[in-house]
Every structure is written in structure tokens, then in C-alpha cells.
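Subject: Structure handover

Hi,

Here is the structure I promised to pass on to you. My notes on the pockets and on one helix follow below it.

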Amino acid sequence: MVRITQNIEAAYEVESTYGDPPDGTLSHLGLLDTFDPRQVEKSITPVPSIGQSTDAFHAAGPIGVTLPLKVACQGTGWQNILGRAIGRTYASGSSAGTPMKLSSSVDSISVLAKDSDGDYTLVGGVVPNEVTLTADYTTGGYMTCEATCTAQYSEDTSDGDFSGEFYGDDYSAVAFPAGPTSDPLLPTDMTLSYSTAVQDDDFIKINIATGKYVEIGERYLRIFDADDALNATLAASAASVPYAGVLDLTHADADTVTDVITRINDTGLSSTCAAGSGAGSDKSVNILKGIYKMTGSLVEIPGIQSTSVDGAEGDMSLFPNLKTVSLKVANNNTPISGKTGTTWLLNNSISKGKADITLDVTMTAVDETFYDKYKAGTTIPLIRLDFGASVGSIALTNGIITAFSRPLAPGGELVDTMSIKFRGSGDYKNFSSYAISADWTLA
């Protein structure tokens with residue numbers, strides 16, 4: 001029988017250890033556009049020899065597995081792929097894992113492909129190396145998430161039982177999940193907003209003991225002691241303080257600057273934390289993402305004065321007349337070859353590389369706002385991709401336009417094309433890890 005793509009489905013599981021499929025509960029990846037679980041390179045090296053008409057021997061090198069993957073932004077599959085490219089950070093201990101900042105640890109999944117004719121392919125140690133989220137307003141269609149992933153190994157069976165194979169897992173009795181029933185996200189389901197050059201340098205004033213520091217992401221504000229432990233004085237007491245030292249900025253009791261100040265002062269951690277001038281009613285998620293250390297006992301953290309999160313008011317604005325939007329997370333991971341058992345693997349382990357966060361935008365030219373920023377080399381303090389309350393949002397902090405063009409054509413439309421790279425905010429530890437921060441929960 002001829003194999004056809006209509007018979008292929010794919011699901012995934014989160015690995016607690018790289019290259020260790022858990023064979024527990026599968027989650028559906030969603031609508032597949034591009035997928036190849038059998039992209040294997042055996043690194044064969046021909047060995048020439050005098051006296052032979054052609055290469056008489058072939059030396060086998062490490063087995064390299066790559067998993068190209070492109071899915072519609074439907075269900076949670078795309079969020080798990082993009083979120084793991086950013087990295088999973090736990091808000092407290094092992095609770096509430098979110099892609100709140102770039103992580104140096106490798107977060108892998110296993111992918112199981114099923115052919116309705118009965119064949120199965122299991123790919124373990126799947127790590128997103130480069131992920132691109134794309135919205136095209138010119139052609140229609142849904143938003144997509146495309147990932148170039150490395151993998152440790154790929155193997156096949158006819159019944160889902162890999163017990164005698166490399167991984168030794170049995171998926172024959174594991175229920176294969178149904179696909180998501182929700183419609184994929186359209187470009188119009190995403191709001192892209194940005195801050196102007198105006199920002200309040202003392203948007204929020206946190207006054208606690210010397211040596212402490214604050215980490216601020218798209219969802220969580222975390223207060224740490226000098227020994228890097230989450231502060232216990234800000235005790236878990238309500239949904240807005242779900243864990244000791246952790247405030248949920250998306251909760252109604254912590255979603256403005258005044259609410260955050262009240263939560264901190266009420267615990268006795270401080271009595272002098274305050275909002276900056278006119279900032280009290282502004283949204284707390286508009287605090288610039290980063291890591292800030294107390295100077296003396298005070299740190300003044302910048303933010304964007306706006307009572308909205310989607311560019312409807314204040315110092316936040318909507319990108320006008322969008323044509324295409326592309327957010328790329330490139331991790332530049334390093335494969336580490338080695339042997340597992342007797343099998344020589346190119347990606348026996350993976351080391352996380354230096355990430356590049358790039359937002360590419362094309363839009364009909366309106367004014368000189370972005371060109372002026374490009375010429376002056378000034379930053380765009382905050383850009384937010386908002387997919388709605390039921391899906392989540394991504395914050396990009398301190399972006400600088402690295403390339404800008406506006407080609408002219410007779411009788412044609414003027415189109416701005418620009419690339420923006422991000423570096424996070426703050427003055428302590430690895431503050432650049434907050435160049436990108438998302439607010440959804442990862443499994």
C-alpha cells in the first residue's frame with residue numbers, strides 16, 4: 001500500500017531526563033504541516049584504497065537525528081515547543097514551570113508518530129534548537145510554529161512496543177490522544193503592541209533589605225534573599241501570592257502597581273515600597289522584565305505607564321498595518337557525541353548555547369517612529385505578543401532595531417521591514433535571560 005500523509009499523527013511526552021521516554025501520558029501535537037521523525041544521518045565516511053575501483057569500505061560514524069517540525073498554533077503543542085526553546089523555570093521549587101526566562105538547562109520531549117496502518121516511530125531526546133512563530137496577515141491562514149529540533153535517537157515498531165529496542169519503552173497500551181478541537185490561532189487573534197521611548201524609571205520602588213534582589217517576568221515577580229532563596233517573609237497567603245516570595249502579576253489582586261506594593265507591604269517585608277509618580281493604577285505586567293538588586297535597601301525599577309496590556313492606552317501602542325510577524329528563538333545548541341550502550345550517537349547529550357531572540361516585522365509605512373529609533377540606536381523598552389487571556393502572552397524587553405529598510409517602487413506601497421533583537425533589563429546576575437518571557441504553564 002502506498003503511504004500517505006493523511007494517516008500520520010504525532011504526540012509528545014515531557015522527559016524528566018534527556019533521552020528517557022516516560023511511556024506515560026501522551027499529548028497531541030496539533031495540526032502538522034511539516035514532520036519527519038525518520039531524518040537520520042549515519043555519518044558514513046568512504047574509505048578509499050589503492051587497488052580498488054571504488055571505496056571498498058565505509059566507516060560508520062555517530063548517528064545524527066534531526067526532527068523538523070511545523071505545527072499550527074492549535075491546542076498546547078506549539079506552546080510546549082516554543083516554551084521549551086525558551087526554557088522551563090519553576091516559579092517555586094518544582095511548582096508552576098513556565099517559560100518565564102531563557103534557561104541554560106536542556107528541556108527535552110519524546111515524540112511518538114503513529115501511522116493508521118499500524119506502524120510507530122519513537123524519537124527520544126527531542127530538543128528545539130531554533131523555533132519560529134509566524135503570523136502572515138497578507139495571505140490568510142493560521143499562525144504556525146516551526147522548529148528545527150535535534151534528537152538523540154529514532155526507532156520503529158509495528159505495534160508501539162519498543163521493549164526490545166534502544167529505549168525499551170512500551171507504548172502499545174498507552175492511549176493515543178485525540179487532536180485538539182479548538183480552531184488554530186489566526187494572525188488576527190494576536191495583538192502586537194510596543195512601548196514608546198517614554199518610560200518611567202521609578203515605575204515601582206521596592207524597599208527591602210540590602211542584598212536582596214527581584215526577578216520580574218511576564219507573570220511572576222519573585223523576591224530573593226542574598227543566598228538566592230525565595231524570600232519567606234512574603235509568605236504564600238492567597239492566589240496572588242501562590243508561593244513564598246512569589247507574586248502572580250496576572251491575578252486581580254496583583255495586576256496593578258498599587259496592588260503589588262500593597263501585597264509586599266502587608267506582609268511586613270517592607271512598609272515603604274511605593275509606586276512611582278502616577279504609576280499606581282498602571283498594569284504590573286508592564287514592569288520591565290529583568291533582575292534588579294537592592295542598592296542600599298532600595299531598587300527603582302522602570303516600567304511602561306499604561307493601564308492596558310494590549311496597546312490601547314498610555315505609553316503602549318499597537319503596531320499599525322501589519323503584514324508579517326516572525327518571532328525566532330535560536331539557541332545555538334551544541335551536540336555532544338558519545339555512546340549509549342553500544343550505539344554511537346551524535347546527539348548523545350545536548351549543551352544549551354547562547355540564545356538569539358529576534359522579531360522580524362513587515363508593515364505598511366506610517367511614520368518615522370521606528371526609523372528614528374533605528375537611526376538613534378535607542379531601545380524599544382517593551383513589545384508584547386498577546387494571544388488572549390485563555391492562551392497567554394510573550395514579553396520582549398529592551399529591543400534594538402538591527403536592520404531597517406523601506407524600498408521604493410513606482411506607484412507601489414511603502415513597506416517597512418525591520419529586525420529587532422532583545423537583551424532584557426536589570427543590573428544583576430543573568431538579567432539578559434529576561435529578553436523574552438512568556439506567561440503560560442508548561443507540563
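Just after α2, G268 takes a positive phi of about 90 degrees.

Some ground rules before the rest. This is a predicted model, in which local features need pLDDT of at least 70 and side-chain atom pairs count only at pLDDT 80 or more, while totals for chains, interfaces and linings use all residues. Residues are numbered from 1 along each chain as its sequence is written, and side-chain values use heavy atoms, with hydrogens and water left out.

Staying with α2 (257-266), its buried residues (under 20% relative accessible area, 1.4 Å probe, protein chains only) are V257, D259, V260, I261 and I264. They pack against β15 (200-207), β17 (220-224), β18 and β19 (274-275).

L249 counts as buried because its relative accessibility is 1%. Setting aside neighbours within four places in sequence, L249 is in contact (heavy atoms within 4.5 Å) with I216, G217, R219, Y220, L221, A254, D255, V260, S284 and V285.

Now the pockets. A pocket is an open set of points on a 1 Å grid over the protein atoms alone, where a 1.4 Å probe fits, with protein on both sides within 12 Å along at least five of seven lines; lining residues have an atom within 4 Å of a point. Volume is the space filled by probe spheres set on the points, which are joined across faces, edges and corners.

The largest pocket holds about 540 Å³ of space. Its lining has 26 residues, with T5, I8, E9, L32 and F35 nearest the centre. Two or more residues each come from β1 (8-14), β3 (32-35), β10 (109-115) and β11 (120-136), and β3 gives the most, with four.

The second largest pocket has a volume of about 430 Å³. Of its 21 lining residues, L102, S103, N430, S432 and S433 lie nearest the centre. Here β26 (356-364) and β29 (415-422) are the elements giving two or more residues.

Best wishes

Notes:
Buried < 20%, exposed > 50% of the residue type's maximum accessible area, 1.4 Å probe, protein only.
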